[in-house]
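I opened the model to look up how the two chains meet. My entries follow.

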Amino acid sequence: MSSAHTKTEHGHTDHNYLNHGSGIWSWMTTLDHKRIGLMYFATVATLFLIGGFFALGIRLHLAKFGAEPLLSPDTYNKFMTFHGAIMVFMVIIPGIPAFLGNFVLPIQLGAKDVAFPRLNLASYYIFIAGALIAASSMIFNQVDTGWTFYTPYSTAKTSNGVILLVLGAFTMGFSSILTGLNFIVTTHKLRAPGMTMDRIPLMIWALYSTSIIQILATPILAITLLLIGAEKTLGVGIFDPDLGGDPVLFQHFFWFYSHPAVYIMILPAMGVISELITAFSKKTIFGYRAIAYSSVAIAAVSFLVWGHHMFVSGQSTIAGIVFSIITMFVGVPTAIKLFNWISTMYRGTVTFEAPMLFALGFMFLFTIGGLTGVFLASTGMDVHFHDTYFVVAHFHYVMVGGTLMALMGGIFYWFPKMFGKMTSDLGGRISWVLIFTGFNVTFFPQFVLGAMGMPRRYFDYLPEYTNLNQISTVGSWLIGLGFLVGLITIIHGILKGEKASDNPWGAKTLEWQTSSPPPHENFTTTPTVTAGPYDFR
Amino acid sequence: MSWSSLIPATSFMPIQATEIAKEVDLLYAFLIIASLVSFVILIGGMTWFLIKFKRTSVDQKSAYITHNNFAEFLWSFIPLVIMMGIFYWGMVIFEKLRTPPEDIAAEIHVTAEQWAWTYRYANGKEFYSSANDPMIVPAGKATKLILTSKDVIHSFYVPAFRTKQDAVPGKLTQLWFEPKQPGEYIVFCTEYCGTKHSGMMIKIKAIPPEEYAAWYHAEKKGADTPADLGKTLFAQKACASCHSIDGSRIVGPTMKGLFGSNRKFADGSQAKADENYLRESILVSSAKIVEGYPPAMPVFQGQLSDEDVANLIEYIKSIK
Ligand code: HEM
Ligand SMILES: [Cu+2]
């Protein structure tokens, strides 16, 4: 880092959060939300690489290029489990809230930091501890249950490694709850003067709704995971029918958390997209209230639809029908958001820098993911598609196509603020082209495979599925390459990027009104807010 | 030929071996069209705006439009109506998939385990299947499966019939189908169940009803039918000391005409006496007490195997 206190061309001192204290120790003990955000970034990016390694392994195996299978069935099942567990619990769930959320939320509110900075740092270390515990299960006592841990397979028929993995997820849950709590209090208590609730940026509305889900749903997961541990070690009979338990009960518990969790993954992404689309259309967001309230509506309804994962589990027909209709209701606020974003571009002045390309990629992929969700919400149709590759394609379109595109867009968008430097726009665009193309080549054929009847979590398959699987594998390498280019672009930006101005995109929210990178406490003088967040008049 | 065959995406579906498969595919074709239209409206609209409103000079101004109540109402209301339609259509098919018809030509107890299926016919024919022994069923008639599992959850999925049902340990679930034509249809396990999950396949072989009858009555593997075995158990376990089989009332309810009848319980609830109800009543009778009877029956949980229970159920079903 450059030495502190030199004059810049703006005339104020070049003292910012990056050089406020130096050395590794100043980072590890920092209470600054911006630094904590970046620490999450480094951690999540590392985990993403590991999860990606398993993904490529899975795909390479399924391409059946050689005469011999690449993996043994047990190894395959472990790869599938690690891939799913890492990507869900350690990448997509914490990705946007813990990393981008931590960095952006207080600045967007005009606050000096989150409400409980020490708790924020503690959340980070709890996350690390959870990730380490989970990782130890991969090294010592490997798990092959799939990331859903369905009983009685997980409790009665597989290794004790499950206990470690579950304990890891349990621990990470605390991190999630504490971060959510911190965000809610920060949003309510630390807004700058004049920042009324209807002037907070949509990113904050999204993080706020997410936090509510995190606080309410995560404890359910925690209890469920503890019960698995208890059943495995002490033999309490909650889920195992041999002990008098009910295996389907586990699915109710699990999805009661994990369905809302899907919105923990996608709502923050929607927040990012709202920011990107206004900023690059240079136009105020269309239907601010509709977007804000639909986030809260989605958060609320998401608690009532868990049973749509269980249409063929043996739950009653009536239950299936009720869950189906409620699920359809979630589709409406989702559709509202898409229409609002598109209307925002209407009569705007749109530019296409890398972050915007990722936002547009999000729109494209998320639309496909959302529409195929309607297929699955329809009971009669889902009976055919449940647990086939159609589902695999659907959730990758939503979670990877949606969340990961938003995450990438968000990184390129806020990068200048984070590091005071620009990334190469060309690098960002190349990365986008590769990821976007590769993604469709990988996952679109999986819709077809699902329609043809190929079940998911299959080590081996019928010959008629071969061609589509091979196409899918080729696509996965394009995605891998795309992320590699993205990573190089980011590292290059950090080391050699051109100096960024305070507001390179001409955006209106508060974080762009302070210097890049911001000073230790975000603003030299507390800002006063006099208008809505996207006032492009 | 129907309009739906004009949609290329429907050609990826497996063959339509049942009437319901056709109905599912019709819904599928509709969903594909509706999705394509929505996709074109959304992404097409977006692309058009992107081209039309591309920024051309540095100081260009955007319009200032904050919202439009009428448009927002329309795009919430129209999707809602369409989705309610799709919900209803799906529900109609779902209920058909879930409700077996009255006249069942073959009823088979299917037990899953890692990594095979066993099927037992009403006359005692029994198969432990790896991929070679297909499940024989009559074509053109309805077959009902009563599913359970010995170890973990499995799922019985027949793509050609567009139907699927989990086999859950400790529970009985059911599935029915009516293959239109003789033929062989593949069955996958679709609930992840460990190492050989993807190898857990069998075939259903539908044969003409006369052939089926001949096969069914031909020399069988077990000597006694499940109902016979159940009858023996009924005597051995002294069930008869409390339950009559001729309709008269002793300590507990009679077995005569019990299966399929409507039961009223002491707590005011009701249920139809299906296989799952019988199973629960045998193993843990205190779970539901029939109105007007004392909760006097002992717990048989742990004393009867799954197979014993299945045999008892078959016997009770036979007491008409
Ligand atoms: C290079 C990109 C990726 C590829 C090629 C890929 C591929 C796959 C494949 C082949 C499966 C196995 C499906 C099965 O056997 O049932 C799978 C499962 C899964 N993937 Fe990915 N994936 C990628 C990225 C991601 C990301 C970023 C996430 C983050 C959420 C993710 C989440 C999941 C989940 C939750 C499962 C389910 C695991 C399970 O069935 O237990 N994937 N993926
Ligand atoms: Cu199985």
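I looked for polar contacts across the interface of chain A and chain B, and the rule finds 26 residue pairs, both at pLDDT 80 or more. A polar contact here is a pair of N or O atoms within 3.5 Å; within protein, one must be able to donate a hydrogen and the other to accept it, and residues adjacent in sequence count only if both atoms are side-chain atoms.

Which elements of chain A supply at least two residues each to the side that touches chain B? I listed α3 (73-109), α8 (247-281), α9 (288-301), α10 (317-345), α11 (354-377), α12 (379-385) and α14 (425-452). Helices are DSSP runs (H or I, at least four residues), numbered from the N terminus. The largest share comes from α10(A), with 17 residues. By class, I noted 47 nonpolar, 29 polar and 13 charged residues on this side of chain A. Nonpolar means Ala, Val, Leu, Ile, Met, Phe, Trp, Tyr, Cys and Pro; charged means Asp, Glu, Lys and Arg; the others, Gly among them, are polar.

The model is predicted: local features need pLDDT of at least 70, side-chain atom pairs count only at pLDDT 80 or more, and totals for chains, interfaces and linings use all residues. Residues are numbered from 1 along each chain as its sequence is written, chains are lettered from A and ligands numbered from 1 in the order written, and side-chain values use heavy atoms, with hydrogens and water left out.

Next, the extent. Chain A puts 89 residues into the contact and chain B 74, with contact meaning heavy atoms within 4.5 Å. The buried area is about 7200 Å², 71% of it from carbon and sulfur atoms. That is accessible area (1.4 Å probe) lost on putting the two parts together, summed over both.

I counted 1 salt bridge between the chains, that is, a side-chain nitrogen of Lys or Arg within 4 Å of a carboxyl oxygen of Asp or Glu. B:K171 and A:D246 form it, at 3.5 Å from N to O.

Then the surface. A nonpolar patch includes A:L49, A:L481 and A:I488. Helix α15 (residues 466-496) of chain A gives the most to it, 7 residues. A:L481 sits in that helix.

Last, the backbone. Most residues other than glycine have a negative phi, and most peptide bonds are trans. I found a cis bond from A:T151 to A:P152, omega near -5°. A:P152 lies in the loop between α4 (117-139) and α5 (153-156). The bond from A:S516 to A:P517 is cis, omega near -15°. A:N522, not a glycine, has a positive phi of about 75°.

Terms used. Patch = residues over 30% accessible without salt bridge, like charges linked within 9 Å, V, L, I, M, F, W, Y side chains within 5 Å. Areas by Shrake-Rupley, 256 points an atom, 1.4 Å probe, with all protein chains shown as cover.
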